[in-house]
Every structure is written in C-alpha cells, then in structure tokens.
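Subject: Structure for you to look at

Hello,

Please find the structure below, followed by my notes on what was found in it.

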Amino acid sequence: MEFNVADLHTQEEALHSSVEKVLKAVNTANTAKNAVNIEKFEELNHAALMKCNKDTMAKLIENLTKSLISNIVLCKSAAGTIDYVKSELIKVQREQLKSVQETVQTEIKTEMKTWSEIARKNCDNKAPTLKTVKKAVQSAVQDDARSRNFIVHGVPEDYSTCPADLADEVLDKILQHNNHSDIVAANRIGVKKREDGRPRPIKVTMNSNESVKEALSRANHLKKSLCTTYHSWFVAPDRNREEQATHKKLVAQLKEKISAEPSKYHYINDGKVLSVVNAYKR
C-alpha cells in the first residue's frame, strides 16, 4: 500500500465510524429503566459490552479488526516513506555541504593567490618573508579602507566647527539631494596650524566605495555652484603617500601645460595629463 496523506484522513474517518457503531450498539442493548447513554468511547466497560448479543458483537469486532489491519498497513507504508524522505534529505544536505566546502576552498585558494600576488609585487620578486607578507597584507587592508574615503580640500577652518555638517553640505552640493545617510564619519586631518596657512583637509568616510565613486564622479558640481564660496573647495580621493607624490608631479605637469599652451584645455585623467582644444578660447 503506497502511503498517501489523504489515506490517513480516510482511515481516521473509518475508525471514528466504527467507534460510533459500537457506542450505538451498546446504547441500543441497554434497555434498563432510566439507563444513561454512553457518549464517549472511554466510558465503555465490560458490563455495557456484555449486554450486546453475540451476532452484533461479532460484526463490531470484525469491522474494527478490518480498520485496525488497514491502519497497520498504512503505518508501515508511512514509516517506509518517512525513512525514504529522511534518507533523501540527508543526501541533499550532504551534497549542499559538499558544494559549500568546494566553494569555500575555491574562495580560499583565490584569496591566497591574490595575497600571494600582492606580496610578490611588494617584495620586488624576492622570496617573501613574514615581514614582507605582513607589509603586503597591511597595504591591501589600508587600500581597501581608503577606497571608502574622500578628501575635501580648501574649506576654511572657521567656516564650521563640525566636520560632519561640512561633509553633509558638500554632498548636498555634489549629489543635488539632502539624503546622506551613507556618511559614516568626517573629521579634519593634519596639523591645525600649517606653515603654508592652508586649512586642514576633511576626510569623509562613507559606508561603501560605490558611494565614494559617485561623489568623486560629480565633484565638479562644486565649481558649477552659483555660490562662489564653493569654487575654492575641491574633492579628491584618499591617496596614500606614493599616490600623493605621483599626483603632485601630475599637477606640476598640468601647470606647465597651462602656462605653455593657454589656448587649450588641460586635465588629468587615468594618471596622465591630457590636452584638448578649448572651444571657448578660439
């Protein structure tokens, strides 16, 4: 007999019907004066059953026996089905666990390869030592942290005492909306009284590098603002020392280009100084 949930309900109804027939037969046989009908199967007893005639009792027992046999067969089928489902579930779980293990192993191998390449690059192709590996890992971690920052330059020290408010104001002008819940932190960096008299830059930390990329891609909106106050402010990536030195050289080249070819528009892009004809100066 193949197990089916619907069969459980059918067998339940059959047993319930058999019990009702027993109660009905007992109450019918009880002809004593002021006899009280038995309402529940639990109230049946030897004395009540003995009042039924043998033929009626035999039919009731036969009916109950058939129901019990059907239930025994159904229970065996249900047990077999449950064992099969359990076995299949364990099989699926093992396959899923194997898949997860393979994925984790692949990720670990990939990450180890990445860290190995970083270490090799930072070690000038020399055999890596513990010190050089630590340095490479530290550099990668710092680069990842910097990718979630951008720097705002040119904001006077007395403009506002709250860097967070300044960051919110800058993003408001850059992104053209006032919902900046992705700001994590903002603070002035460097020595307060600089020898060159310039104000300390403001480091703004966002919750993702995508938010930083969006802000940097629209940084020129400060120059386009109707308020000239923002024209002396500018937004830049959070560069490490090597990147700062490289960018400083590019800026020097840019200034030379501007001085040598004032009729053209010069700009820095992808680590190079590029020049195009300026249509407004023809």
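**Contacts and overall make-up**

Of the contacts in the protein chain between residues at least 6 apart in sequence, 51% join residues at least 24 apart; a contact means heavy atoms within 4.5 Å. This is a predicted model, in which local features need pLDDT of at least 70 and side-chain atom pairs count only at pLDDT 80 or more, while totals for chains, interfaces and linings use all residues. Residues are numbered from 1 along each chain as its sequence is written, and side-chain values use heavy atoms, with hydrogens and water left out.

The protein chain has 7 helices and 6 strands. These are DSSP runs numbered from the N terminus: helices are H or I with at least four residues, and strands are E with at least two. Along the sequence the pattern is α-α-α-α-β-α-β-β-α-β-α-β-β.

Buried residues account for 22% of the 282 residues in the protein chain. Buried means under 20% relative accessible area, exposed means over 50%, and partly exposed lies in between (1.4 Å probe, protein chains only).

**The sheet**

In the order β2-β3-β1-β4, 4 strands form an open sheet with antiparallel pairing. β2 (183-188) and β4 (234-237) stand at the edges with a single partner strand each, so one side of each has no neighbour in the sheet. On average, neighbouring strands of this sheet are turned by 25° against each other, direction ignored. Two strands pair if DSSP finds at least two bridges between them; β2 and β3 are joined by 5 bridges. I183 stands opposite M206 in β3.

**Helix α6**

Which residues of helix α6 (residues 209-217) are buried? They are S211, V212 and A215. Seen down the axis of α6, these buried residues fall within an arc of 100°, so they line one face of the helix. The arc is that of the directions from the helix axis to the C-beta atoms. On the face turned away from the buried side, α6 carries the exposed residues E210, K213 and S217.

The buried residues of α6 pack against β1 (149-153), α5 (163-175) and β3 (202-206). α6 lies across β1, β3 and β4, and runs at about 30° to β1. Axes are lines fitted to C-alpha atoms, for helices over the stretch in contact, and angles run from 0 to 180 degrees between N-to-C directions.

**Cysteines**

C162 is partly exposed at 27% relative accessibility, and C227 is partly exposed at 33%.

Regards
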